[in-house]
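Please keep the sequence and the structure in view while reading.

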Amino acid sequence: MEITNVMEYQPIAKQKLPKMVYDYYASGAEDEWTLKENREAFSRILFRPRILIDVSRIDMTTTVLGFKISMPIMIAPTAMQKMAHPEGEYATARAASAAGTIMTLSSWATSSVEEVASTGPGIRFFQLYVYKDRNVVAQLVRRAERAGFKAIALTVDTPRLGRREADIKNRFNLPPFLTLKNFEGLDLGKMDKTSDSGLASYVASQIDRSLSWKDVKWLQTITTMPILVKGVLTAEDTRLAIQNGAAGIIVSNHGARQLDYVPATITALEEVVKAAQGRVPVFLDGGVRRGTDVFKALALGASGIFIGRPVVFSLAAEGEAGVRKVLQMIRDEFELTMALSGCTSLKEITRSHILTEADRHRPVSRL
């Protein structure tokens, strides 16, 4: 079967992967309302395309924290990629580098920061969970910096793990031949088997529930890397993030895996962008599957987007070639959306190019 869009990788991944692994990647929290909404909210945003504009040349390049990339489409952190494919994070790193974009490596990767750095050049960010033992955190951050990582994506929505019922049913655990590579030398690389989710038990025993804004300040004292705060959904927290020195914000609901019934990230985006007032860049992850989704996020003020599940599903299906293809397909769709909307560069994508549900209840004179 010829793959023509990124969604087609998911059923292939489902066939190929053990049930426990597929469910871990695919599932959300509790009723999975937010999981569905992350996709469906995009479908309620319509285009207002402009016509008779010369679109023979289209420039999708952009800069993120000063780093030039080929497109505003980047790779989100997804844990334990060697469960999907033996090459795991190595394959993802190479695919991102070939596409000229940024890969974010999960703290809970099955390849270490040093191993990912060894795959060759590329702009890489490091996603960080804050452990109770701050020496572990400081050590890890320094290792990421030494390995050439360029920014920290601090995940702030996980003081406890969301209730992922598929993982509880499956007694989810890291397969015995794999470890959380970044923690291997610290005796924190394995999960104990439990009567529910092994990951939930691991998080309960290791992750610091007392994490607060003062820790964002503390991180700035141990690294020169800029810190992106990942997991912001409100204007209030946007303002606090900026006050506390965040270099950027990632609007994220953790792929709908934490608190169910939070809004889709595309729904929360505009509130965050307005509160940021251009002081720091705002990015989005969650639910992006099409180039049209990328355009809608940029029209609402995002500086770029991150994709997660399409990466692990394509990795499971076709390894590095699959991840390359996903990045290429979304890029091609995004370029086509720009052309058909009458935009030749990212700065030309504006709020007037889309119509949200809220707009449809207002008089048309706003436009």
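## Basis of the report

Helices here are DSSP runs of H or I with at least four residues, strands are runs of E with at least two, and both are numbered from the N terminus. The model is predicted, so local features need a pLDDT of at least 70 and side-chain atom pairs count only at pLDDT 80 or more, while totals for chains, interfaces and linings use all residues. Residues are numbered from 1 along each chain as its sequence is written, and side-chain values use heavy atoms, with hydrogens and water left out.

Gly319 lies in helix α13. Is Gly319 buried or exposed? With a relative accessibility of 2%, Gly319 counts as buried; the term means under 20% relative accessible area, exposed means over 50%, and partly exposed lies in between (1.4 Å probe, protein chains only). Leaving aside neighbours within four places in sequence, Gly319 is in contact with His85 and Ser314, where contact means heavy atoms within 4.5 Å. The C-alpha atoms of Gly319 and Thr92 are separated by 8.3 Å, although these residues are 227 residues apart along the chain.

Glu333 is also placed in helix α13. Its relative accessible area is 16%, and Glu333 is therefore buried. Not counting residues up to four places away in sequence, Glu333 touches Thr4, Asn5, Arg289, Arg290 and Gly291. Between the C-alpha atoms of Glu333 and Thr292 there are 6.9 Å, and the two are 41 residues apart along the chain.

## Packing of α1 and α13

Two packed helices are described by the angle between their axes and the distance between the axes. Axes are lines fitted to C-alpha atoms, for helices over the stretch in contact, and angles run from 0 to 180 degrees between N-to-C directions. Helix α1 (residues 9-16) packs with helix α13 (residues 309-341) at an angle of about 165°, and their axes are 10 Å apart. This makes α1 roughly antiparallel to α13 (over 145 degrees; under 35 is roughly parallel, 65 to 115 roughly perpendicular, and the rest oblique).

Which residues of α1 make the contact? They are Tyr9, Gln10, Ile12, Ala13 and Lys16, and on the α13 side the residues include Phe313, Gly322 and Met329. By class, the contact of α1 with α13 has 8 nonpolar, 3 polar and 3 charged residues. Here Ala, Val, Leu, Ile, Met, Phe, Trp, Tyr, Cys and Pro count as nonpolar, Asp, Glu, Lys and Arg as charged, and the others, Gly among them, as polar.

## Salt bridges

Side chains of opposite charge can pair when their charged atoms come close. A salt bridge is a side-chain nitrogen of Lys or Arg within 4 Å of a carboxyl oxygen of Asp or Glu. By this rule there are 17 salt bridges. In one of them, the side chains of Glu320 and Arg94 meet at 2.7 Å, N to O. This pair links distant parts of the chain, with Glu320 in helix α13 and Arg94 in helix α4 (residues 88-99), 226 residues apart. Arg94 is partly exposed, as its relative accessible area is 26%.

Asp208 and Arg134 form a salt bridge through their side chains at 2.3 Å, N to O. Asp208 is in the loop between α8 (198-206) and α9 (213-222), and Arg134 is in helix α6 (residues 134-146), 74 residues apart. Asp208 counts as buried, at 11% relative accessibility.
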